[in-house]
Amino acid sequence: MKLFLHKNSYKFLAIFLVGFFLIGLTSCRPDANYWYNHVYTDWGAEFQFQNFWDGFWGWSVSILSYPFAWLCSSIGKGLGNSYFWGIVFTTIIIRTIAWPIYSKQNGMSIKMQVMQPELDKLQKKYQFRQDEKSQARMKQEMMMIYKKYKFNPMGCVFTSFIQFPIFIAMYEVVKRINLTTTTITPNGVLIENYGKFALHNTKLFGYFELNNTSFSNGELKDKLFCLAIAILYTVVTVINQKIAQKKPAYMKKTNYNAQAGGANQMKVMNIVMVVMMFFVAMSSTALGIYWLIGGIYQMAQSAIGRKLNERAYYKMTEGK
């Protein structure tokens with residue numbers, strides 16, 4: 001048991017940190033009645049936190065949410081004041097800008113694949129040597145392997161962590177950009193006030209309404225369209241999962257298996273995630289479109305990433 005915990009210590013640490021920050025960042029706006037019903041006014045208003053924890057988790061999203069909303073609005077207004085095209089092109093631009101983060105993760109993954117046989121050999125060497133001196137020596141040799149390949153276990157956690165504010169900030173844009181507030185004049189007239197970045201053309205092809213529509217809200221055609229988007233997004237997500245699980249050709253020549261010992265758990269987690277995201281996508285047509293575009297982009301990203309991974313792998317293993 002002790003050997004198992006030691007062998008997987010970095011994995012447990014990574015899971016803990018990712019989980020901790022994910023929970024924090026996805027709840028970065030604790031008062032949902034305030035933030036997700038708060039129209040965009042000026043950037044300073046994004047930093048008017050109501051309590052310590054709101055500010056502690058919210059600052060990173062606040063930095064990004066406002067400029068993302070400006071970008072989405074600028075693109076949409078340049079294309080017929082279109083909410084749809086604003087979401088589509090903003091998603092593509094932001095994912096392209098964030099590509100270096102994705103590439104960094106790929107690089108870490110390649111290094112892990114290359115050095116895994118040496119780590120396995122090290123584990124076997126100290127498998128039955130549980131005394132303190134041997135364990136200390138094993139740690140030293142493990143660090144030497146990491147140094148040899150310039151591998152930082154915490155680098156994977158960091159690159160994953162910095163993606164969360166981007167994801168949540170764009171989620172906020174989709175939810176908030178077309179929000180309105182209402183005021184009542186002394187004469188009792190109700191006036192709708194739009195936020196700074198509102199895009200008023202909210203119909204796709206002049207037919208399907210995207211703003212404030214879901215499977216449970218809107219006309220029948222809009223509900224069916226929301227369902228279709230959720231189904232398409234689910235299909236794209238499953239395809240991306242299959243691509244991620246498929247063993248590249250160069251890895252078939254090795255004994256390395258990225259999912260060894262955890263295939264069943266990973267399968268269950270993937271199923272749970274797909275089901276959960278399907279129902280969340282049905283809660284907002286615009287959000288479903290944002291995720292669908294992102295999923296399609298991820299397909300292309302994965303295809304290019306696999307080619308780059310293969311080149312990097314052969315480069316690193318030259319002469320081995």
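Colleague: Leaving aside its neighbours within four places in sequence, which residues is V173 in contact with?

Modeller: This is a predicted model, by the way. In it, V173 is in contact with Y40, S65, F68, A69 and C72. That list leaves out neighbours within four places in sequence.

Colleague: Which residues have the most contacts inside the largest nonpolar core?

Modeller: Y83, V173 and V174 have the most contacts inside it. That core has 44 residues.

Colleague: And which elements give two or more residues to this core?

Modeller: Helix 4 (52-78), helix 5 (83-97) and helix 9 (163-176) do. So do helix 10 (220-245), helix 11 (263-281) and helix 12 (285-316).

Colleague: What lies apart from that core?

Modeller: Another core, of 11 residues. M115, Y126, M138 and Y149 are among them.

Colleague: Let's step back. How many helices and strands are in the chain?

Modeller: The chain has 12 helices and 4 strands.

Colleague: What share of the residues count as buried?

Modeller: 42% of the 320 residues of the chain.

Colleague: Now contacts between residues at least 6 apart in sequence. What share join residues at least 24 apart?

Modeller: Among those contacts, 69% do.

Colleague: Back to the helices. How is a pair of packed helices described?

Modeller: By the angle between their axes and the distance between the axes.

Colleague: OK, take helix 5 and helix 9. Where do their axes stand on distance and angle?

Modeller: The axes come within 11 Å. They cross at roughly 170 degrees.

Colleague: How many nonpolar, polar and charged residues does the contact of helix 5 with helix 9 have?

Modeller: It has 6 nonpolar, 2 polar and no charged residues.

Colleague: What about R176? Is R176 buried or exposed?

Modeller: R176 lies in helix 9. R176 is buried, with a relative accessible area of 0%.

Colleague: Which side chain does R176 join in a polar contact?

Modeller: The side chain of E46. The polar contact is 3.0 Å.

Colleague: What lies 3.0 Å from the backbone oxygen of E46?

Modeller: A polar atom of the side chain of S62. S62 is found in helix 4. S62 is buried too, with a relative accessible area of 0%.

Colleague: Where does L210 lie?

Modeller: In the loop between strand 4 and helix 10. L210 is buried, though, with a relative accessible area of 2%.

Colleague: What does L210 touch, not counting residues up to four places away in sequence?

Modeller: Y83, F84, T202, L204, F225, T285, A286 and I289. L210 and D222 are 12 residues apart in sequence. Their C-alpha atoms are 7.8 Å apart in space.

Colleague: Last bit. How many residues apart along the chain are V275 and T234?

Modeller: They are 41 residues apart along the chain. Their C-alpha atoms are separated by 8.1 Å. V275 lies in helix 11, and V275 is partly exposed, with a relative accessible area of 43%.

Colleague: And how many residues apart in sequence are A228 and G288?

Modeller: They are 60 residues apart in sequence. In space, C-alpha to C-alpha, A228 and G288 are 9.6 Å apart. A228 is in helix 10. With a relative accessible area of 35%, A228 is partly exposed.

Terms used. Residues numbered from 1 in each chain as written. Predicted model: local features only at pLDDT ≥ 70, side-chain atom pairs only at ≥ 80, totals over all residues. Heavy atoms only, no water. Core = buried A, V, L, I, M, F, W, Y, C linked by side-chain atoms within 4.5 Å. Buried < 20%, exposed > 50% of the residue type's maximum accessible area, 1.4 Å probe, protein only. Contact = heavy atoms within 4.5 Å. Axes fitted to C-alpha atoms, helices over the stretch in contact; angles between N-to-C directions. Nonpolar A, V, L, I, M, F, W, Y, C, P; charged D, E, K, R; others polar. Polar contact = N/O pair within 3.5 Å; in protein donor to acceptor, adjacent residues only side chain to side chain.
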